[in-house]
Amino acid sequence: GRSYDLTKWVVHHAMRQLRNWRDSLDIGLAVNVAANLAGDPDLPALLHDAMAIWGINPASVTVELTERAIIEDKQSGFDNLLKLKEMGITISIDDFGTGYSSLSYLQQMPFDVIKIDKSFIDEIGKGAASDNICRTIIRMAEELGKKSIAEGVETQEQLDFLRDNECDVA
């Protein structure tokens, strides 16, 4: 379908650009995968082929999926995540805390990174509850042996809070 074709186009263009930058920049690539493709049986092959064609090390590739995307097609979604991890790709849960946030799914999911949604970061310093939510997500990631990434950091106060609470990446 159109979603798959668009994802394929984006993945190939991004990896080509990453290869072009390789000599001057040492950066990774994060690819957002549409929710309806999380369980698509062709997704692992698409990424595998693109990495092979453009000579990209899987360790420099992160696939970002929302919780909802994985949970909607749980068995196929989990199978795909395991295949991607076996290839050496990093798996990130995007917009964490805004979807289902089912802890029973979270403990089964083969992922490496939790991205704290910007809506939580925006509320840092505006009340104990929002600060505690961010703190809890960071601690939970740590306890699960995962990395925490805060997205949409815009103020020094937010950055200081995240540093003080040992968020891995802002």
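**Salt bridges and a parallel sheet**

Visitor: What does Glu 142 count as, going by accessibility?

Guide: Partly exposed, because its relative accessibility is 45%. Buried means under 20% relative accessible area, exposed over 50%, and partly exposed in between, with a 1.4 Å probe and protein chains only.

Visitor: Where do these values come from?

Guide: This is a predicted model, where local features need pLDDT of at least 70, side-chain atom pairs count only at pLDDT 80 or more, and totals for chains, interfaces and linings use all residues. Residues are numbered from 1 along each chain as its sequence is written, and side-chain values use heavy atoms, leaving out hydrogens and water.

Visitor: OK. Which residue forms a salt bridge with Glu 142?

Guide: Arg 139. Their closest N and O atoms are 3.3 Å apart. A salt bridge here puts a side-chain nitrogen of Lys or Arg within 4 Å of a carboxyl oxygen of Asp or Glu.

Visitor: Take Lys 115. How does its side chain meet that of Asp 94?

Guide: In a salt bridge, 3.5 Å from N to O. Lys 115 lies in strand E4 (residues 113–116) and Asp 94 in strand E3, so the pair ties together parts that are 21 residues apart in sequence.

Visitor: Is Lys 115 buried or exposed?

Guide: Buried, because its relative accessibility is 11%.

Visitor: What about Lys 115 and Glu 151?

Guide: Their side chains also meet in a salt bridge, 3.0 Å from N to O. Lys 115 is in E4 and Glu 151 is in the loop between E5 and helix H8 (156–164), so this pair links parts 36 residues apart in sequence. Glu 151 counts as buried too, at 18% relative accessibility.

Visitor: Back to Asp 94. Where is it?

Guide: In strand E3, residues 90–96. Asp 94 counts as buried, with 7% relative accessibility.

Visitor: What does Asp 94 touch?

Guide: Leaving out residues up to four places away in sequence, Asp 94 touches Asn 32, Glu 64, Leu 65, Thr 66, Glu 67, Lys 115 and Glu 151. Contact means heavy atoms within 4.5 Å.

Visitor: Which side chain makes a polar contact with Asp 94?

Guide: That of Asn 32, at 3.0 Å. A polar contact is a pair of N or O atoms within 3.5 Å; within protein, one must be able to donate a hydrogen and the other to accept it, and residues adjacent in sequence count only if both atoms are side-chain atoms.

Visitor: New topic. What is the strand order in the sheet?

Guide: E1-E2-E3-E4-E5, in an open sheet of five strands with parallel pairing. Strands E1 (29–32) and E5 (147–150) stand at the edges with a single partner strand each, so one side of each has no neighbour in the sheet. From one strand to the next, the twist averages 30°. Axes for that are lines fitted to C-alpha atoms, for helices over the stretch in contact, and angles run from 0 to 180 degrees between N-to-C directions.

Visitor: How many bridges join E2 to E3?

Guide: Five, and the two strands run parallel. Strands pair if DSSP finds at least two bridges between them. In E3, Ser 92 is the bridge partner of Glu 64, and Ile 93 stands opposite Leu 65.

Visitor: And how do E1 and E2 pair?

Guide: In the parallel sense, over four bridges. Val 31 stands opposite Val 63 in E2. The chain crosses from E1 through H2 to E2 in a right-handed β-α-β crossover. Right-handed means that, with the strands pointing away from the viewer, the path from the first strand over the helix to the second runs clockwise.

Visitor: How many residues of E2 are buried?

Guide: Five of the six, so E2 is largely enclosed by the rest of the structure.
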